[in-house]
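Please take a look at the chain below.

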Amino acid sequence: MSTLAHTMMTAARSADSGLAGPGELDRYPYAEAPAAGRVGASMWDGSDPELGRVGRRAAGSRGRGLHGQLVQQLGQMIVSGDLGADRPLVPEEIGQRFEVSRTVVRESLRVLEAKGLVSARPNVGTRVRPVSDWNLLDPDIIEWRAFGPQRDDQRRELSELRWTIEPLAARLAAGHGRDDVQQRLGDMVEIMGHAMNQGDALTFSRADAEFHSLLIQVAGNRMLEHLSGIVSAALQVSGGPVTGCDRPNESSLAHHGRIVDALATGDGMAAEAAMRQLLTVHPEVERVVPAPREH
């Protein structure tokens with residue numbers, strides 16, 4: 001195994017890191033809704049009681065700290081419909097319910113506003129925005145939808161989107177014959193092979209995500225490059241027959257190898273065809289996307 005493969009397989013077992021920049025905390029004053037319009041304790045009655053102590057929940061935190069965990073919890077509740085747009089979200093009550101500070105609540109709401117999930121307006125308060133305003137291409141929202149009531153629609157939409165993006169990216173990438181990229185893509189296939197043999201699904205998925213992200217980035221189309229995060233998020237969504245990347249197997253690995261070979265020879269049509277075959281490894285997928293075209 002190459003040094004890169006060993007390093008990535010080791011890194012894949014470590015916890016994910018997250019980020020959170022400073023926000024304009026004064027945008028969410030606590031007295032943002034009249035008392036008559038505030039949400040009482042019943043607003044949270046249907047939520048998981050374990051969500052009440054955000055600081056003590058490690059699962060789903062992704063290493064982001066308290067505010068990241070609260071973003072995760074509130075985001076899931078909004079996307080699932082547990083928090084609707086008919087009532088304001090009062091930061092003071094959120095802080096009491098989840099046992100976090102005012103700063104954590106305000107920063108979390110700022111992040112959710114950036115994702116289009118909530119809006120904060122004077123004399124109106126903080127409210128959940130309609131689905132049409134959500135940034136549905138945000139990786140977090142993709143994940144929350146994929147594991148919520150909308151999971152079937154989300155996985156179908158992701159499959160259709162990937163079918164549109166990735167075959168084109170593979171064809172375009174064949175025109176950018178860079179040795180360093182070829183080596184990196186080959187390394188990812190090698191890592192995937194070793195991980196599959198060891199039954200290490202986590203490392204396989206990490207290498208798979210990097211493979212597809214890198215392929216889009218070298219396609220030479222900056223608009224496509226901005227979609228690489230969507231594909232990476234889609235590859236992390238499991239539990240449904242979305243693409244051939246869902247589960248480590250010999251067929252999936254072989255198709256990845258064919259893509260690398262096609263790129264090495266500059267054969268864009270072959271690279272596109274191999275990607276289409278990869279995206280239809282599972283027979284069930286043919287009900288969502290058409291069968292690979294013959295060229």
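A residue is called buried when its relative accessible area is under 20%, exposed when it is over 50%, and partly exposed in between, using a 1.4 Å probe and protein chains only. P130 has a relative accessible area of 45%, so it is partly exposed. Before going on, please keep in mind that this is a predicted model, in which local features need pLDDT of at least 70, side-chain atom pairs count only at pLDDT 80 or more, and totals for chains, interfaces and linings use all residues. Residues are numbered from 1 along each chain as its sequence is written, and side-chain values use heavy atoms, with hydrogens and water left out.

## The chain as a whole

The chain contains 12 helices and 2 strands; these are DSSP runs numbered from the N terminus, with helices (H or I) of at least four residues and strands (E) of at least two. Following the sequence, the elements come in the order α-α-α-α-β-β-α-α-α-α-α-α-α-α. The chain has 295 residues, of which 47% count as buried. Its accessible surface is about 14300 Å², and carbon and sulfur atoms contribute 50% of that; such areas come from the Shrake-Rupley method with a 1.4 Å probe, and for residues only the protein chains shown count as cover. Contact here means heavy atoms within 4.5 Å. Among contacts with a separation of 6 or more, 72% join residues 24 or more positions apart.

E225 belongs to helix α9 (residues 222-225). Its relative accessibility is 36%, so E225 is also partly exposed. Which residues does E225 contact, leaving aside its neighbours within four places in sequence? They are I216 and Q217.

Helix α2 (residues 65-80) has 16 residues, and its first and last C-alpha atoms are 23 Å apart, close to the expected 22 Å. The expected span is 1.5 Å times one less than the number of residues. Because 12 of its 16 residues are buried, α2 is largely enclosed by the rest of the structure. Among these buried residues are H67, G68, L70, V71, L74 and I78. The cover over them includes α3 (91-98), α4 (102-114), β1 (118-121), β2 and α5.

Helix α8 (residues 201-217) has 17 residues and should span 24 Å, which agrees with the 24 Å between its end C-alpha atoms. α8 is mostly covered too, with 12 of its 17 residues buried. Its buried residues include F204, D208, F211, H212 and L215.

## How helices cross

Axes are lines fitted to C-alpha atoms, for helices over the stretch in contact, and angles run from 0 to 180 degrees between N-to-C directions.

| Helix pair | Axes come within | Crossing angle |
|---|---|---|
| α7 (residues 179-197) and α11 (residues 250-264) | 10 Å | roughly 165 degrees |
| α6 (residues 151-173) and α12 (residues 268-278) | 7 Å | roughly 150 degrees |
| α2 and α4 | 9 Å | roughly 55 degrees |

That makes α6 roughly antiparallel to α12. Angles under 35 degrees count as roughly parallel, over 145 as roughly antiparallel, 65 to 115 as roughly perpendicular and the rest as oblique. The pair α7 and α11 is therefore roughly antiparallel, whereas α2 and α4 are oblique to each other.

A crossing is left-handed if the near helix is turned anticlockwise from the far one by less than a right angle, and right-handed if clockwise. Is the crossing of α7 and α11 left-handed or right-handed? α7 passes α11 in a left-handed crossing. In that contact, α7 uses Q182, L185, G186, V189, M192, G193 and M196, while α11 supplies E250, L253, H256, G257, V260, L263 and A264.

The α6 and α12 crossing is right-handed. There W163, E166, P167, A170 and R171 of α6 meet G268, M269, A271, E272, M275 and R276 of α12.

α2 and α4 also form a right-handed crossing. Its contact residues include L66, L70, L74 and I78 from α2 and V104, S108, V111 and L112 from α4.
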